[in-house]
Amino acid sequence: MKGESGFVRADLAGEDGGCAAGAGEIRGKAVWWALIAVKKTGWFLLSLWGASLVTFVVVQMALAGPSVQAPGASSARRLDDTELDELRKVYGWDLPLLVNWDVQDRGRKVRLALRRFEADPGAPAARKRLVAMGTLIFPEVFQFLRKDAPLRASSDLCSLVGQILQKRGWSPVPKSRAECLAWWQAHGKEFSPARIHGLVAKVQEGRDEAARRLTRLGRFSVRYLMVALFREGTEAARLCRISQVLSSITGHAVWCDVQGGRAASRTVLADWREWWLAHEDDFRDLSRSERLWGLFSKTRYGRWMARLFGGRLGMSSYFRKPVAAVLEKRFPVTMGIGLAALALAFLVGVPLGVWIAVRNDRPVGRLMDSALLVAYCSPSYVVGLALIFLLGGLGGLSLFPSGGLHGLPGSSPLGDGLLDLLWHSVLPVVTLAFGLTAMVARYAAESVTRAMAEPHILAARARGLPESWVLWRHGVRNGLLPLIALLGLMIPALVTGAVVVETIFDLPGFGGALMVALWNRDTNLFMGILVISVLATMSGLALSDLGMWIADPRVRRKGEAS
Amino acid sequence: MRRLWLLLGRRWSVAAAVMYLGVVGTAALTADCLASDLPVVARYQGHWYVLPSVFGRGPLRRFDNESLRRAMGPEDWALPPLIQYGPNQATSAGRFDPIESPSMRHPFGTDDVGRDVLAGIIHGCRSALVVGFGSVAIYLSIGLLLGLLSGYMGGAVDRLVTWAVTVLVAFPTLLLVLVVRGAMGRGSLWTLVLIIGFTGWAGVCRLVRAEAFKQVAAPHVMAARALGAGHLRILFRHVLPFALGPAVVSATFGLAWAILAESAVSFLGLSGDSASWGRLLASARQTPGAWWLVLPAALALVGTVVSINVIAEHLRTRWALGDTEGELSGGALGIEEYPS
């Protein structure tokens with residue numbers, strides 16, 4: 001990044017101050033460093049955001065919703081409409097992608113449904129909608145009934161109210177418009193926030209009567225229960241009581257273990273938080289500012305970002321678990337193999353490169369260089385197949401296992417412990433490292449060759465320094481600096497390489513999860529993996545920038561000069 | 001002849017690479033004459049058919065080479081292709097184990113569903129080159145345009161383009177290709193071309209931008225401006241020629257990458273119905289011990305990629321682009337992104 005006028009000015013200011021006193025110069029420098037750091041971080045975040053946005057849009061447009069197959073490997077049953085609606089809601093597919101022009105909160109949804117009902121009271125879809133919303137529609141409905149609505153609509157509406165009440169276990173159910181209004185006259189105050197708050201408090205203390213009455217109030221009380229749930233923190237017993245009432249009202253089953261302790265409570269809370277994120281707008285009215293902000297926040301992207309800022313990646317629709325929990329177990333596999341391959345690539349590649357650089361005018365060096373070109377161009381699936389074929393017992397020698405991370409218990413000659421793990425990971429690591437090694441070696445060779453052609457090498461030789469000293473101190477040290485930049489470029493290779501290698505060797509890592517996510521249209525899982533890989537790539541690039549900058553004073557000076 | 005030799009830089013490796021690519025390119029162009037499940041030219045029941053597998057099968061729909069030969073009357077006539085099987089034709093249908101090792105009938109054997117390997121290799125040339133050249137053509141033009149604009153205009157445009165480049169570098173292109181292919185299911189090759197084309201231009205753009213920056217400050221551009229040349233003229237006559245070299249070299253390396261990406265996607269089982277080297281390799285994974293599935297496809301793939309790399313490196317040294325230190329980030333080797 002060159003030519004930022006702001007930094008030129010800061011730099012100049014620093015130098016002006018520096019004319020007067022040393023302290024001023026140092027302060028100027030510090031400000032300059034701080035500015036650089038802020039700029040770099042800002043750039044980093046901005047790029048991260050851009051990459052995640054584009055990835056998100058592509059993935060969402062491409063994968064188009066979770067699989068409609070019912071959960072469970074054996075069941076081939078397709079989901080029915082309500083289940084499908086629920087699924088869509090959980091994964092946000094009822095929302096627009098980036099901008100929501102029509103933010104619908106509880107009030108708006110009820111009014112829309114009422115209007116549709118008024119237009120055609122007989123239509124089953126409209127009736128179903130209203131009944132599904134349960135007691136949430138009461139404030140609007142009774143207002144509607146109070147003003148003189150058309151006779152047929154109001155009696156129909158009252159019968160709907162009756163249905164809802166019956167479902168919630170009220171025994172004398174109102175039949176006509178007058179009865180309905182009378183019922184609301186008698187029971188309306190039970191729906192006041194203060195009353196419900198009181199009931200919720202009693203439920204937390206374990207009063208069954210209060211729980212029963214709350215359940216009778218139905219979906220209307222959910223938002224108050226939610227507030228209490230999230231305020232409660234992690235005390236298991238009180239949490240579970242609320243959770244039970246919520247489950248019985250909403251039908252969203254959450255297993256709450258009273259004896260489970262903190263961790264269990266946290267899982268329960270996370271589960272409800274996830275549910276609430278998807279369903280909040282059915283239960284709550286939004287303020288004006290919330291509705292305005294909802295333009296962005298009530299979208300798939302907004303919701304996903306909201307989750308991301310809370311450190312959550314959403315639920316995996318295939319594993320029916322939080323994405324983080326799915327990836328947690330797989331992380332060490334991918335990470336371990338990637339790091340091992342990286343280490344191997346540098347440990348083998350650098351000496352090889354130097355060796356070639358020294359011999360680059362001899363046939364053996366040229367031959368090696370060509371061999372490395374071929375190695376560099378061999379994709380990991382070819383290398384992996386060849387290795388399995390030659391060493392994995394599918395044709396040639398049978399030295400290494402050809403897949404998996406562990407043998408069957410007792411089957412391995414090296415026991416079931418760490419040694420077995422290492423034995424299993426030899427082929428994947430070599431496969432992944434193969435091309436990377438070639439890349440490092442070629443790069444090192446070229447770079448060291450170029451460094452050895454510099455005039456200062458000639459000068460060193462002229463001073464009579466021993467050749468090994470010239471090579472290692474002057475040639476290699478200068479020549480290897482650009483390799484730091486290579487490190488950053490290798491991270492994306494490691495990520496995509498992991499997909500292929502884990503597919504070939506059946507390893508339980510990110511790559512396997514990615515393919516599972518792909519085949520099952522598991523958007524959240526896919527996005528989780530992509531975000532992690534983007535993050536890894538960006539940090540790799542930033543780290544190699546930083547490394548370059550620390551290791552090479554020329555880069556630093558160039559930065560200062562601009 | 002001598003001029004050609006000079007053009008190849010008097011190097012055997014480059015000549016071999018060009019010849020290899022020539023063979024692959026010819027195979028790609030003439031794939032339907034070389035390997036097909038229908039004759040190249042046929043006369044059947046009084047009608048003439050030319051390349052029926054390309055221009056519509058018509059009444060020959062029910063036949064393949066063998067059954068057609070059996071159904072032909074004395075008047076009929078057919079010129080069979082070199083390999084008598086199409087890339088997607090299950091040649092040993094109905095057998096319990098359709099895989100066959102190399103024989104006279106199938107010189108390179110068949111894969112696990114009985115498709116002829118040689119036909120697959122020949123038609124794989126086409127997939128590889130279509131994806132390679134198609135996507136590179138797209139991203140070369142995008143990269144050139146944006147790079148020139150950003151280097152020439154500077155300011156906000158430059159910031160925006162630089163940002164986009166940073167984003168794209170961090171972008172898991174191959175994974176995205178996977179999503180889109182996975183979602184499209186049996187989508188055609190062109191989706192692949194479009195995705196790689198629209199996400200791959202970062203490297204070219206960066207190089208062109210750096211070059212444009214350098215040239216905009218150069219005296220000849222100032223002279224052109226003093227002579228009253230317009231922006232477009234300066235851009236395309238005075239800046240572009242300098243940027244073309246690095247861009248073409250980078251795009252050539254990118255060609256290899258795109259081909260590798262295509263076969264990686266096919267290897268992971270997302271090739272749709274297009275024959276591809278990656279698909280052959282994938283079937284090798286399912287049938288252990290079938291060396292004839294690995295070897296030809298691997299040779300074709302690695303050979304192509306090596307040839308392209310050799311040519312790209314030759315171009316780079318020939319145009320002396322090796323020493324644009326740092327600007328060619330990933331630098332001397334012109335590595336934009338390491339192939340998977």
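## Chain A overall

Chain A exposes about 27,500 Å², and carbon and sulfur atoms supply 63% of that area. Accessible areas here come from the Shrake-Rupley method with a 1.4 Å probe; for residues, only the protein chains shown count as cover. This is a predicted model: local features need pLDDT of at least 70, side-chain atom pairs count only at pLDDT 80 or more, and totals for chains, interfaces and linings use all residues. Residues are numbered from 1 along each chain as its sequence is written, chains are lettered from A and ligands numbered from 1 in the order in which they are written, and side-chain values use heavy atoms, with hydrogens and water left out.

The secondary structure of chain A comes to 25 helices and two strands. Helices (H or I, at least four residues) and strands (E, at least two) are DSSP runs, numbered from the N terminus. Of the 562 residues of chain A, 46% count as buried. Buried means under 20% relative accessible area, exposed over 50%, and partly exposed in between (1.4 Å probe, protein chains only). Among contacts in chain A between residues at least 6 apart in sequence, 68% join residues at least 24 apart. A contact means heavy atoms within 4.5 Å.

A disulfide is a pair of cysteine sulfur atoms within 2.5 Å. C158(A) and C180(A) form it, with their sulfur atoms 1.8 Å apart. The torsion about their S-S bond is about 105°, so the disulfide is right-handed. The pair links distant parts of the chain: C158(A) sits in helix 7 (residues 151–167) of chain A and C180(A) in helix 8 (residues 177–187) of chain A, 22 residues apart. C158(A) has 0% relative accessibility and counts as buried. C180(A), at 1%, also counts as buried.

Helix 7 of chain A also holds Q166(A). Q166(A) has 56% relative accessibility, so Q166(A) counts as exposed. The C-alpha atoms of Q166(A) and D102(A) are separated by 33 Å, with the two residues 64 apart along the chain.

## Helix 21 of chain A

Helix 21 (residues 467–479) of chain A has 13 residues, and a straight helix of that length would span 18 Å at 1.5 Å a residue. The expected span is 1.5 Å times one less than the number of residues. Helix 21 of chain A spans only 16 Å between its end C-alpha atoms.

V470(A), L471(A), H474(A), G475(A), V476(A) and G479(A) are buried in this helix. Their cover includes helix 16 (323–358), helix 19 (418–452) and helix 20 (455–462) of chain A.

## The sheet of chain B

In chain B, three strands form an open sheet in the order 2-1-3, with antiparallel pairing. Two strands pair if DSSP finds at least two bridges between them. The edge strands are strand 2 (47–50) and strand 3 (77–79) of chain B, each pairing on one side only. The twist averages 15° from one strand to the next.

Strand 1 (residues 41–44) of chain B is joined to strand 3 of chain B by three bridges, and the two run antiparallel. A42(B) has A78(B), in strand 3 of chain B, as its bridge partner.

## Cysteines of chain B

C33(B), at 31% relative accessibility, counts as partly exposed. C125(B), at 6%, counts as buried.

Notes
Axes fitted to C-alpha atoms, helices over the stretch in contact; angles between N-to-C directions.
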